[in-house]
Amino acid sequence: MSNSYYFTIIGTKDNPLYELEFSSFKNIPTTLPSNYIPGKSQFSQSTKELLPFIANSSLDIIEDLQFSTNLLNLGKIDQFYGLNINGYITQGSIKFIICYDSTKDESNSIKQFFQEINELYSKVLLNPFYNVNDAIISPDFDLKVKQLARKYL
Amino acid sequence: MSDDSIIIPSTTTNSLSKLTINDYSKTGFGYNPSIGTQSNSINNIETSNLLISKKQIILSTSTIPIYEKLHLISKKSPIEEITLSSLLYLFSEIIQWQFKNSKNINDLEARLNGLGYKLGIKLIEMIKLKDGYKLLKRDTKILEILQFIHGPFWKFIFGKQADELEMSQNNNDEYMIIDNLPILNKYISIPKDYGDLNCCAFVAGIIEGSLDVSGFNCNVTAHTSTTDQHPLRTVYLIKFHSNVLYRENIRN
């Protein structure tokens, strides 16, 4: 079983901009069992329903850290019944949150992932048709995030 | 939106309308906020293989892979320069456009401020990334962010640092950024009966937007304060809201 991840971008008004569920692309078996899709998230249905709530409940912690630390990457900020929660906040108060069910601490690879997402996000902002706090619906953005997920997680 | 139309948020006007729960992306990529994670989760083997194959993928919806081409934070990308006259011509068109719609001088300044605000909330993200990527730091104190705006931020927009950064002697919530020769005002002469209009309200809007989105709520206004040496000298008066100062006192 590879780890599953739930990644979300939260705007300045605590509104969701983007969500993605996926699982680790590492350690894919060479002979794929039937019904096995690499990258498909393996959260249970009950966890899936909770994930947005878990991510949003960590916003209080991020808000507290926003002005007490000057780091972009906040590292592991919380955990919830075996789910680790990592956060990242940009200068413009955009929050990136990842919830993942791993026993190991994956803060390093997640940090690199977050940094790439940060650059990607500032490219989204260059689009004149995109306003801050709009949902990011671009297929290109989605593709790129998934590629980054494959690369780092 | 019918099933036939392809969702191309970056180019079509459809993107400006809201996506509904009936809109599915044909390519399998693209987040739909009405559906949530189900809209873009990796559910079939084709999508999965596409991602694993490491080939460059070009979605049929996009001809120019914008996210690939631009490298914001690489050292080699210099700041591209444009001619001053074309910039100022554009700015004068903006002023004329807003002037037609505005009721009075204050209204015009508020409109220019609003335009700058929209720009500022986007710019700060990019410039901060370009400037402070190696440090991976945010600015969390009033003085830090003002120095950032006075220095790298100004340099990115106008090609030079702002001339002075001062704190008001009377009020501890007021700061001033002073530009001796604001580029945008270079060829603008204000008629006498327009009072103290300063078209750099646009720049004040940029400052206000970038401070606001960073968590420093404030009002920024542009004032002309002529000296003998610098006839166009402009003072940007930044007045922070009381909650910002309150937070600053607690955190330190």
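Student: What is the area buried between chain B and chain A?
Tutor: In this predicted model, the area buried between chain B and chain A is about 5300 Å². Carbon and sulfur atoms give 62% of that area.

Student: Why give an area at all?
Tutor: The accessible area lost when the parts come together is often used to state the size of an interface.

Student: How many residues are in contact there?
Tutor: On the side of chain B, 55 residues are in contact with 61 residues of chain A.

Student: And how many polar contacts or salt bridges are there between chain B and chain A?
Tutor: There are 19 residue pairs in polar contact between chain B and chain A, counting pairs with both residues at pLDDT 80 or more. The rule finds one salt bridge across this interface.

Student: Which side chains meet in that salt bridge?
Tutor: They are the side chains of D64(A) and R251(B), at 3.3 Å from N to O. The pair crosses between chains: R251(B) belongs to helix α7 (residues 242-251) of chain B, and D64(A) to helix α2 (residues 59-66) of chain A.

Student: New topic. How many salt bridges does the structure hold over all chains?
Tutor: The structure holds 10 salt bridges over all chains. One of them joins the side chains of D14(A) and K95(A), at 3.2 Å from N to O.

Student: Where do those two residues lie?
Tutor: D14(A) lies in the loop between β1 (4-10) and β2 (16-23) of chain A, and K95(A) lies in strand β5 (residues 95-100) of chain A. They are 81 residues apart, and the pair links distant parts of the chain.

Student: Which of the two is buried?
Tutor: K95(A) is buried, because its relative accessible area is 6%, and the cut-off for buried is under 20%. D14(A), at 33% relative accessibility, counts as partly exposed.

Student: What does E21(A) form a salt bridge with?
Tutor: E21(A) forms a salt bridge with K48(A), and their closest N and O atoms are 3.8 Å apart. E21(A) is in strand β2 of chain A and K48(A) is in helix α1 (residues 45-57) of chain A, so this pair ties together parts that are 27 residues apart in sequence. With 3% relative accessibility E21(A) counts as buried, whereas K48(A), with 29%, counts as partly exposed.

Student: Now the rings. How many aromatic pairs are there over all chains?
Tutor: The structure holds 23 aromatic pairs over all chains. In one of them, the rings of F91(B) and F202(B) have centres 5.5 Å apart and planes at 55 degrees, so the pair is tilted.

Student: Which helices hold F91(B) and F202(B)?
Tutor: F91(B) lies in helix α3 (residues 84-101) of chain B and F202(B) in helix α6 (residues 201-213) of chain B, so the pair ties together parts that are 111 residues apart in sequence. Both F91(B) and F202(B) are buried.

Student: What about W154(B) and F158(B)?
Tutor: The ring centres of W154(B) and F158(B) are 5.3 Å apart and the planes are at 50 degrees, so this pair is tilted. The two residues are separated by about one helical turn, because they are four residues apart in helix α5 (residues 142-158) of chain B. W154(B) and F158(B) are both buried.

Student: Last one: what does S39(B) touch?
Tutor: Not counting residues up to four places away in sequence, S39(B) touches G30(B), Y31(B) and N32(B). S39(B) lies in the segment before α1 of chain B and is buried, with a relative accessible area of 15%. A polar atom of its side chain lies 2.6 Å from the backbone oxygen of G36(B).

How values were computed:
Residues numbered from 1 in each chain as written. Chains lettered and ligands numbered in written order. Predicted model: local features only at pLDDT ≥ 70, side-chain atom pairs only at ≥ 80, totals over all residues. Heavy atoms only, no water. Salt bridge = Lys/Arg side-chain N within 4 Å of Asp/Glu carboxyl O. Buried < 20%, exposed > 50% of the residue type's maximum accessible area, 1.4 Å probe, protein only. Contact = heavy atoms within 4.5 Å. Buried area = accessible area lost by both parts, 1.4 Å probe. Polar contact = N/O pair within 3.5 Å; in protein donor to acceptor, adjacent residues only side chain to side chain. Phe/Tyr/Trp six-rings, centres within 6.5 Å; stacked < 30°, edge-to-face > 60°.
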